[in-house]
Amino acid sequence: MKALKTLSILILTLLGSMTLQAQTTDSVDAVDYDIAVDLSSGHFLTGYADVTLRLLRPCTTVGLDMACIVDSVKVQGVLQSTNSLAELPTAGIAPGQDIHIEVWYHSTGYVESGEWGGMHFDNYLSYNLGVGFNANPHVMGRALFPCRDNFTDKATYTLRVTTKDGWTAECGGMRQSVATDTLGCEHSVWRIDQPTPTYLVSVSQAAWEHIHDTISSLYGDYPLSIGYRQRSESSVRAAFAELDSVVPMYERCFGPYRWGRIGYIATPKGSMEHVNNIALDQRFVNSTSERAQTTIAHELGHAWFGNLVTCATAGDMWINEGGASFCSEVAMEAALGREASDDYYRRWLESVLRTTHVTDDGYRPLHDMPHQYTYGSTTYDKGWMVWHSLRGYLGENLFYSALNRLMGSCAFGNIDAEGLRDSLSLYTGVDLTAFFDFHVFGPGFVDYHVEMTNPSEGCLENEVEVHIRQQGVGTTNLMRRNRVPLTFYAQPGFDSVSCKRVATFDGEETWETFSLPFVPAFCVLDADDEFSDAANVIHQHLEGYGISYTLPLAFMRAKTEHDGDLFVEHHYAQPSGTMPGGVVRTANRYWIVRGDWQADTADWGMFRYVRTGAQHEYAGLDGDFLSLRASVDSLALMYRKDSRHEWYAVSFTRNGDQNSGYLVVDGMQKGEYTLAIVDSAHLGIAHPVTTEVQLFPNPLQPGQALTVEVESEECFEVSIFDLGGHQVWHKTGCRSGQKLSPALAKGTYFVRIENNFISLQSKLIQL
Ligand SMILES: [Zn+2]
């Protein structure tokens, strides 16, 4: 399912006869539901359900969940004296025997407090959504029929639907019959023969327009129906065109589509993966936008992740929703190719690393998710990242063949995280305990810092030693049985030569030696984005000639004079190593700039900063680092060549304002960069003397005027600080070449020149 982002608070409809059964009683199993709903009024339903339950253990009563008003109840044909479904007598029924419960009921539409899940009667459309975001439990079959409403009790269904005159029904299952009566009302019968949980059962009616087509795939030809209103047929067809390649890809990866036919209907509230009858956000039904296409793919992906193999508890919803979101990536690969799907994944990884722990109030384990976060970003987005990583961890062939087996052996069943771990371990022969411990049962991410430790020039027989260090992000756990893909690139001039090796290790750090077919110039961590670690790797081919490049996912811009290949790793983790005195704190992220281009003094790099809480598309970028109280004047750009060198502050110009912008460094080098807040007493560290400011005369004689020369036509502010960081003189509206009279006591000072375009500093001695 996927909600619209606007969930409003609402009126809670309380129904006298509503009951919610505890999910703990496994003394009974729902076998089959035969449901007749009359929707001919367009505003309410009258229903009749014949529910077949099988007793599993001796018990005196069974209960059904219901959110409609019950008119009468029969148990084994005997009319009951009360309309409560909470305690229905089972006297005379032995374990293993079936019991028939008949319920007559009506409803004007029950909707959960999130105003999402439930039975909706809109003016032009009646439909149900089988899950509620706020409902507890989240399943909402009970808005449509009396049932054992949970994720795990799967049954078969017959749906008999009477529509409003002139309207037609679209429901779950295969349509068995249809007829229209003299009043113009349609009577149709639908059958779901596959064991299905209650939340995936759906009915709908509207004056639908239809597209009927067939999807030819690996294991069969599947009828496709799309119900929509007020759209051009060609635009709807275009929106679903990719299914021709997506369905075969899904079958290749996950095994046969087991639901007989594929159906979508356009509904106004968001999207929901009902069996055979996906409710699709109506904005997407005629859209080829990325959001529309990935939603169409996500909901169909549920035909495997969730509908076929269902999470055993809502606390493992990541299996359903993370799996379905992973399907969107697989679908994009089928439709547009691997480069497009890698790019899509990379953009979401960046967003997950930056925002998921903010929207979900912290780094959360996927497993055992608290109720209010069941449908949060961790479940959907981190869940997707973990499915993606599992593919990288196992390799594609092993991963997909194991998923094929899982979907077969567990078809129409339920699974929890432990069961998933054990099944996939069994099918692959790879012990996934460590992987699941870190990524599923623990919170956060792992960040890998990788560098070659021996100078490539001197190495024998192209042997290279690599140092890898891991640190947790949002966790103090360490990942065990790490599997880190490394790509080595040859010396400049051989830039098409690369080779890949995989380092496997335990513990916080390791030194690994690899034999390569060439002398490597540098190596890049996870260059193919196989794994959702805490870094994005951005590759930019450089044309030379001073062309500048924007690398939005690395929050960086760069210009180089020479050609080659630039790789930027943008890590959402604390930089390692000791910072020099005066550094108050460092950002929760750092960059590693690598590549084979020849650095030039005319090169530059721009490194983005965004204040916490600023109105900005990347509002969460700097977390608590650049807090409301910190001035961007205390921002410094730290650099080190690699972990064997010390961090130091580099000179920069600031291109931006108090809320966001870039720190621009001329003569950008390969190595590591990060942002820091420095103590005002150490401003000199943050802003070393630059050549762009010239002070005359310097030293300054008593009584002499000071001239500041800067390459800028704009006005600027001049601030003078003593060595303790205290401002001793300040003047606005200055221009280059203007004579200033600061009247300073004897001593050493820093003079800062600043406007919207520059922030420069230089040392001044007053004699
Ligand atoms: Zn979903």
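**Entry 1: helix α6**

I began with helix α6, residues 377-394, which has 18 residues and reaches 25 Å from its first C-alpha to its last, close to the 26 Å expected at 1.5 Å a residue. I note at the outset that the model is predicted.

I then looked for a bend and found a kink of about 25 degrees in α6, centred on G383. Next I asked how many of the residues of α6 are buried. The count is 16 of the 18, so the helix is largely enclosed by the rest of the structure. For this count I took a residue as buried if 20 or more other C-beta atoms lie within 10 Å of its own. After the helix comes G395, and its phi is positive, near 85 degrees.

**Entry 2: the chain as a whole**

I recorded 10 helices and 46 strands in the protein chain. Of its 767 residues, 46% count as buried. I read the spans of the C-alpha trace along its principal axes as about 110 × 60 × 50 Å. I also looked up the contacts with a separation of 6 or more, and residues 24 or more positions apart account for 65% of them.

**Entry 3: domains**

I consulted the domain assignment of the chain, which gives domain 1 as 2-207, domain 2 as 311-443, domain 3 as 534-685 and domain 4 as 689-766. I then checked the centres of domain 1 and domain 3, taken over C-alpha atoms, and found that 57 Å separate them.

I turned to strands β13 (residues 174-180) and β14 (residues 186-196), which run antiparallel and are joined by six bridges. Which residue of β14 is the bridge partner of T180? I found E186 in that position.

**Entry 4: a sheet of three strands**

I examined an open sheet whose strand order is β23-β24-β27, with antiparallel pairing. Its edge strands are β23 (445-452) and β27 (509-515), each of which pairs on one side only. From one strand to the next the twist averages 25 degrees.

I followed the pairing of β24, residues 463-473, with β27 and noted seven bridges between these antiparallel strands. One pair I looked up by residue: H467 has W511 in β27 as its bridge partner.

Key:
Residues are numbered from 1 along each chain as its sequence is written. This is a predicted model: local features need pLDDT of at least 70, side-chain atom pairs count only at pLDDT 80 or more; totals for chains, interfaces and linings use all residues. Two strands pair if DSSP finds at least two bridges between them. Helices (H or I, at least four residues) and strands (E, at least two) are DSSP runs, numbered from the N terminus. Axes are lines fitted to C-alpha atoms, for helices over the stretch in contact, and angles run from 0 to 180 degrees between N-to-C directions. Domain bounds come from an automatic or database domain assignment. The expected span of a helix is 1.5 Å times one less than its number of residues. The bend at a residue is the angle between axes fitted to the seven residues ending there and the seven starting there. A residue is buried if 20 or more other C-beta atoms lie within 10 Å of its own, exposed if 12 or fewer, and partly exposed in between; C-beta atoms are placed from the backbone. Two residues are in contact if their C-beta atoms, placed from the backbone, lie within 7 Å.
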